[in-house]
Each structure stands twice: as structure tokens, then as C-alpha cells.
Amino acid sequence: MKGNEVIAEAAVRYGCDGYFGYPITPQSEVMESLMEMKPWETTGMVVVQAESEVASINMVYGGAACGKRVMTSSSSPGISLMCEGISYIAGASLPCLIVNVQRGGPGLGTIQPSQSDYFQATKGGGHGDYHLIALAPNSVQEMYDFVGLGFDLAFKYRVPAMMLADGVIGQMMEKVVLDDPRPRRTDEQIEQECGDWALTGKKKERQRHVITSLELDPYAQEVVNEKLQATYRLIEANEVRYQTTATEDADYLLVAYGSSARICAKVVEMAREAGYKVGLLRPITLWPFPGKPIAELAGQVKGILSVELNSGQMIEDVRLAVNGRVPVEHYGRMGGVVYSPGEVFEALKEKIINKTK
Amino acid sequence: MAEFEVEIKPENLVYGTPKLITDRIMHYCPGCSHGTIHKLVAEVIEEMGLAEKTIGVSPVGCSVFAYNYIDIDWVQAAHGRAAAVATAVKRLYPEKMVFTYQGDGDLAAIGTGESIHACNRGENIVVIYINNAIYGMTGGQMAPTTLLGMKTATTPYGRDPKLHGYPYKIADMMAHLDGVCYITRQSVHTPVNVRKAKKALRKAFENAMAGKGLSLVEFVATCNSGWKQSPVASNRWMEENMLPFYPLGDIKDI
Ligand SMILES: Cc1ncc(C[n+]2csc(CCOP(=O)(O)OP(=O)(O)O)c2C)c(N)n1
Ligand code: SF4
Ligand SMILES: [Mg+2]
């Protein structure tokens with residue numbers, strides 16, 4: 001299956017209640033597939049083509065306020081438009097899933113793959129102190145799996161989750177193992193799971209529920225912020241996910257996520273054949289960032305290359321983790337251009353291996 | 001003057017606070033239409049027995065805190081986006097009564113897109129639209145509905161169409177859309193108007209529950225603080241200046 005189509009399949013199978021979107025390349029297949037599947041006739045899932053990304057994220061906000069499992073998908077310019085809404089969702093402590101199949105920017109940019117929305121996804125994007133749980137799939141299988149994982153984490157912590165994919169994986173065809181479909185939660189189950197905050201209609205025996213991110217008293221707003229921060233610390237403690245390849249004896253480390261990690265896995269093979277002990281660490285959660293394992297590896301390797309399809313964004317988090325103990329350099333291409341494994345290997349030699357011998 | 005005592009007994013009570021109005025002190029300026037309209041909304045929900053089924057969407061504007069005053073579940077929407085929020089709530093809970101409560105800046109400026117498209121999709125919701133010809137909350141700047149010549153914080157010499165364009169009747173525009181079943185323009189500046197407005201609101205709520213499409217009730221309203229007039233003078237000014245341009249009555253009813 002194709003990466004984007006698998007998002008639709010996963011949403012329906014996971015028991016998603018609603019999808020709200022607006023077409024944009026390279027991810028329009030998500031909504032197209034959903035409209036073809038007609039899940040409203042089977043699981044009862046609602047699918048709405050909104051008039052803009054501003055509308056679709058605010059529909060997600062409304063659905064999330066009801067305790068429903070709701071999602072949207074878009075690509076870079078569309079995500080920029082959504083940022084106010086995402087900030088509201090975070091500010092009101094609501095769970096939802098947002099998929100960004102990144103393309104090259106800035107501006108209208110290109111429709112080719114890119115990873116240049118790393119800052120936007122991991123440092124907030126919209127206004128105010130907030131975080132998204134950011135998951136970076138490196139295969140079509142993970143695009144499928146992370147729909148469920150994204151929803152599970154979002155509901156566990158009542159925060160928005162983002163799947164930060166890129167056009168390479170979104171457009172790629174791969175085999176996927178589908179799990180058994182789960183039914184959508186009944187109204188009673190939603191009442192059980194989210195009954196202390198969700199909008200379900202005010203019953204006589206309870207206080208009214210108000211979903212809002214507004215607080216005029218700065219001291220009370222500070223308490224709201226402190227609660228959010230406490231949740232973020234908990235997520236950082238519990239939910240860091242990453243994968244290592246050939247790092248046990250590595251002298252040099254590549255750090256890369258998503259499609260870049262696929263390319264770097266090949267670079268590891270090429271380098272090992274050429275006699276260099278190169279390993280790869282692939283962050284799966286970009287936020288919370290796997291800083292600790294990178295810091296540990298910094299005690300073992302001679303240098304680190306952060307490989308990203310951008311001008312150098314994740315490298316800031318890598319450098320923060322390494323804290324100056326070994327050289328950390330960046331290699332990237334921009335604007336939708338994708339590097340080949342050979343090209344990355346050359347950069348690794350030039351920027352790290354030759355300089356740290 | 002003869003002295004007499006009034007004894008308040010349930011059987012001789014002719015007026016009271018609706019049960020759904022909370023005992024929070026309202027932050028609205030004295031004479032502001034928002035308070036009266038809140039009361040009507042609460043009465044209609046109560047009388048239709050919809051308190052447990054109704055979800056309100058409050059806007060950004062002076063009525064952002066509507067959720068403090070009517071005792072139902074609420075969600076506060078970003079500036080202009082109430083109709084999109086309400087769309088999702090209603091689609092996901094089709095059996096619920098969903099309404100938005102929005103000012104003229106919220107609905108007719110920044111939220112024009114969301115409002116028009118909710119109409120066009122025929123969402124089964126009620127939109128309550130408070131047209132006070134000004135941005136009340138941010139301190140009295142020009143709204144898209146501000147009358148020509150009207151002085152506001154951003155039109156200190158009066159609204160000049162060459163500079164600021166014209167006031168517009170978004171309700172009339174919406175009436176052309178097929179998803180809309182009922183559009184009416186009301187006011188609450190006299191007891192007679194209050195009674196008429198309540199009937200209109202009730203009809204709108206009934207339409208939404210019957211799945212007939214979107215209903216919009218516009219209120220031509222006063223903002224005495226923004227207009228810099230006393231409550232009584234505001235009512236008079238509204239009657240003399242607003243109502244000729246925004247005439248009251250049904251615009252569409254099918
Ligand atoms: C995105 C955004 N832009 C601007 C504002 C500032 N703002 C708050 S209320 C408001 C105008 C509200 O006017 P209206 O909708 O007419 O409501 P009223 O206060 O008159 O009832 C503005 C511009 C905001 N909160 N968010
Ligand atoms: S500023 Fe105007 S709209 Fe706001 S509460 Fe006062 S009178 Fe009402
Ligand atoms: Mg106004």
C-alpha cells in the first residue's frame with residue numbers, strides 16, 4: 001500500500017470518529033481514500049472536506065472537545081495555517097492526531113519531500129508554551145502503526161500528537177501488516193474514559209464542562225501552564241522512542257529520522273563495507289527527543305553527523321545532548337531534493353571521519 | 001403616595017431568572033444587549049427541555065464568557081472559528097443541540113469563511129449573531145457592520161467608504177445559500193421585540209433539532225460603551241440609525 005492511503009486505512013481500523021481535512025499535495029490521498037472507503041456507512045466515522053486548514057483544525061478542536069478520536073492531515077503550508085488552532089488544542093488539553101506529510105518550503109515551496117518542519121513540530125509552531133508529541137515514521141508500516149500509537153499517546157496525556165512524515169514515505173509503496181479492526185468507542189465508553197472533562201451534554205448530577213484556553217488571571221494562567229509543563233515532563237520521562245543500528249562498536253554516529261533514516265541505514269552498510277565503524281540512531285519520537293541515548297553514545301564515538309532534509313534543524317537538539325563533547329555536523333539538502341546514500345557517505349567522510357582521525 | 005407591600009409568592013411571580021442562568025455576576029456593561037440575549041437563549045433551552053443535550057460554542061469577543069452564565073456544556077472557539085467547531089460537534093453528536101454565539105467581528109470579519117461554509121453545508125446548527133456594529137471587546141474599533149459615518153476607535157473621523165468599504169448585511173448574503181433554512185433579524189430593545197426574538201430563537205432551535213439545515217438569528221444590538229452613549233440613548237440611536245439599515249424581520253424561512 002501507499003503511505004498516504006495507509007493513514008486512511010489505519011484511521012478506520014483504529015476506530016477513529018472523525019477526519020477533517022483540506023486537499024494539499026503530497027497527502028491528498030488520505031482524504032480521497034477515506035471518501036472512497038465511506039466509513040460513515042460501516043463504522044460511523046465522520047469525514048468532512050473543510051473549506052480550509054483553518055476550518056479543519058477547528059473542527060478537530062470541536063471533535064476533540066467531545067472526547068472523540070479525531071484527526072486531520074495536511075502538508076507544510078496547511079500545517080502553518082493550523083498553528084493557531086493547534087495552540088488552542090494544546091492550551092485546552094485536548095487529544096487529537098495531526099499528520100504532516102512535509103514538503104519543501106518556505107512559502108509555497110515545492111511538492112517534493114522535505115524535513116524542514118522539524119522546528120515547527122518539535123518547538124511548538126503556534127504561540128504559547130506547548131509541545132506536541134511528534135512521531136516520525138520511516139516506513140509505510142510505521143505510518144500505519146503511528147495512527148494508533150498517536151491516538152493512544154494523545155489520549156493518555158491529553159495532548160495533541162503529530163505524525164511528522166515526509167513526501168518520500170507518504171508516496172512510497174510497501175507491504176503493510178494490518179491489525180484487527182477495533183470498533184469505535186460507544187458513547188458510554190467515551191463517558192467512562194473522558195467523562196470528567198468532555199462535552200457530552202450537562203447532566204443534572206455534574207457541573208457543566210467548559211473547554212477553554214482562556215484565563216484572565218495571570219496567576220491562574222500560570223497554574224494552567226505549570227500543569228501543562230508537568231505533563232510534558234512526564235511524557236519526556238516515559239515516551240522517548242528511538243532505534244539504533246550497529247551502534248555497539250561504532251566510532252562514528254549518524255542521527256537521522258524518517259526517510260533520511262532509511263537512507264542512512266544504507267550508508268551504515270556502505271561505510272562498514274569500506275571498513276568504517278558507523279552506527280545510526282533514529283529518533284522515533286522527535287519530541288520528546290532521545291537526548292539521553294545520544295549523550296551516552298557521545299561518550300563512545302568520535303563524531304556525529306545529523307542527516308536531515310533541511311538546512312540543519314534537529315542538529316540543535318543533537319548538539320544540546322552532546323554538549324560539545326564531540327564534533328556534531330549537519331548534512332542536508334533543501335527544497336525537496338533528496339540525497340543518495342553515496343552522497344551522505346561522502347559527507348560523513350568529509351565532515352566527520354577525515355576531521356576526527 | 002400610598003404605601004403597599006409586595007409579597008413574593010410563587011403563584012404571583014410573573015418574571016424570574018431562568019434556571020439555566022448561573023449566579024455568576026455578568027461582566028457585561030449595563031445596558032448591553034448580550035445579557036438580555038443570554039437570558040432568551042437560556043429560556044428557550046430550558047423550555048424545550050434541551051439542557052442535557054445542548055452544547056454551546058462561545059466566540060472571541062465580549063461574549064467569550066457566555067460559558068460562565070448559561071449552565072450547559074460549552075466550548076470556547078478561536079476568533080471566528082465557532083461555526084467550524086460547531087460543525088464537528090454536531091456531526092459527531094447528531095442528536096445534540098449545537099449553537100454558536102458570535103459577534104459581528106467574529107462572524108462577519110475574521111470568521112466569514114467558516115460561517116458561510118457552515119451555511120453552505122447546511123449544518124444542523126443555530127448561529128446566534130450579535131451585530132452591534134463595533135468591536136466591543138477590543139475597545140470599540142470598526143466592525144464590518146459599522147455604519148457609514150459612524151465614529152469608532154479606528155474610524156475617528158467616521159467610516160468613509162473610500163477608506164474602509166461599506167457596512168454589509170451578511171445575513172442577507174447567507175439567505176442565498178441552499179443549506180440555510182431560516183434567517184431572521186431581531187432586537188431586544190423593547191419588551192415587544194424581546195418576545196418576538198424569543199419566538200425566533202425557539203424556531204431556530206426547533207429547526208436544528210428537526211434537521212432542516214442551518215438557522216441564523218441576527219440580533220441588532222447595542223454596545224453603549226463602544227458607542228459612548230448611555231443605555232437609553234443607545235437604544236434610541238440604534239432605532240434611528242441601525243434599524244433603517246438593518247431592518248428587523250424574517251429574511252428567509254422555509
Ligand atoms: C486571531 C485573533 N485576532 C484578534 C483578536 C482580538 N480580538 C478579540 S475580540 C475582537 C473583536 C470582537 O468583536 P465582535 O466579534 O464584534 O464582538 P463584541 O465584542 O462586539 O461582542 C478582536 C479583534 C483575537 N483574540 N484573536
Ligand atoms: S463593550 Fe459593548 S458589547 Fe462589550 S459588554 Fe460592553 S456594551 Fe456589551
Ligand atoms: Mg461586535
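View 1. A:Leu135 is buried, at 0% relative accessibility; buried means under 20% relative accessible area, exposed over 50%, and partly exposed in between (1.4 Å probe, protein chains only). The model is predicted: local features need pLDDT of at least 70, side-chain atom pairs count only at pLDDT 80 or more, and totals for chains, interfaces and linings use all residues. Residues are numbered from 1 along each chain as its sequence is written, chains are lettered from A and ligands numbered from 1 in the order in which they are written, and side-chain values use heavy atoms, with hydrogens and water left out. A:Leu135 belongs to strand β5 (residues 133–135) of chain A; helices (H or I, at least four residues) and strands (E, at least two) are DSSP runs, numbered from the N terminus. Residues up to four places away in sequence aside, A:Leu135 touches A:Phe146, A:Leu149, A:Gly150, A:Leu153, A:Met162, A:Met163, A:Leu164, A:Ile284 and A:Thr285, where contact means heavy atoms within 4.5 Å. Its C-alpha atom is separated by 7.5 Å from that of A:Trp287, 152 residues apart along the chain.

**View 2. Cis peptide bond at A:Trp287 and A:Pro288.** The peptide bond joining A:Trp287 and A:Pro288 is cis, with omega about 0°. A:Pro288 lies in the loop between β11 (285–287) and α11 (291–298) of chain A. Most peptide bonds are trans.

**View 3. Packing of helices α3 and α4 in chain A.** Helix α3 (residues 53–65) and helix α4 (residues 76–91) of chain A pack at an angle of about 25°, their axes 8 Å apart. Axes are lines fitted to C-alpha atoms, for helices over the stretch in contact, and angles run from 0 to 180 degrees between N-to-C directions. The two helices are therefore roughly parallel; angles under 35 degrees count as roughly parallel, over 145 as roughly antiparallel, 65 to 115 as roughly perpendicular and the rest as oblique. Residues of α3(A) in the contact include A:Ile57 and A:Tyr61, and those of α4(A) include A:Leu81 and A:Ile89. By class, this contact has 9 nonpolar, 3 polar and 1 charged residues; Ala, Val, Leu, Ile, Met, Phe, Trp, Tyr, Cys and Pro count as nonpolar, Asp, Glu, Lys and Arg as charged, and the others, Gly among them, as polar.

**View 4. Magnesium ion (ligand 3) and its protein donors.** B:Asp104 (OD), B:Asn132 (OD1) and B:Ile134 (O) are the protein donors, 2.1 to 2.2 Å from the ion. Donors are N, O and S atoms within 2.8 Å of the metal (3.2 Å for Na, K and Ca); water is not among the atoms, so sites may look incomplete. Along the chain the donors follow the spacing D-x27-N-x1-I. B:Asp104 in helix α3 (residues 104–110) and B:Asn132 in the loop between β4 (126–131) and β5 (134–135) of chain B are 28 residues apart. Both B:Asp104 and B:Asn132 are buried.

**View 5. Surroundings of B:Phe205 in chain B.** B:Phe205 sits in helix α7 (residues 191–210) of chain B and is buried, with a relative accessible area of 0%. Beyond its neighbours within four places in sequence, its contacts include B:Val41, B:Met48, B:Phe99 and B:Ile128. The C-alpha atoms of B:Phe205 and B:Leu50 are 9.7 Å apart.
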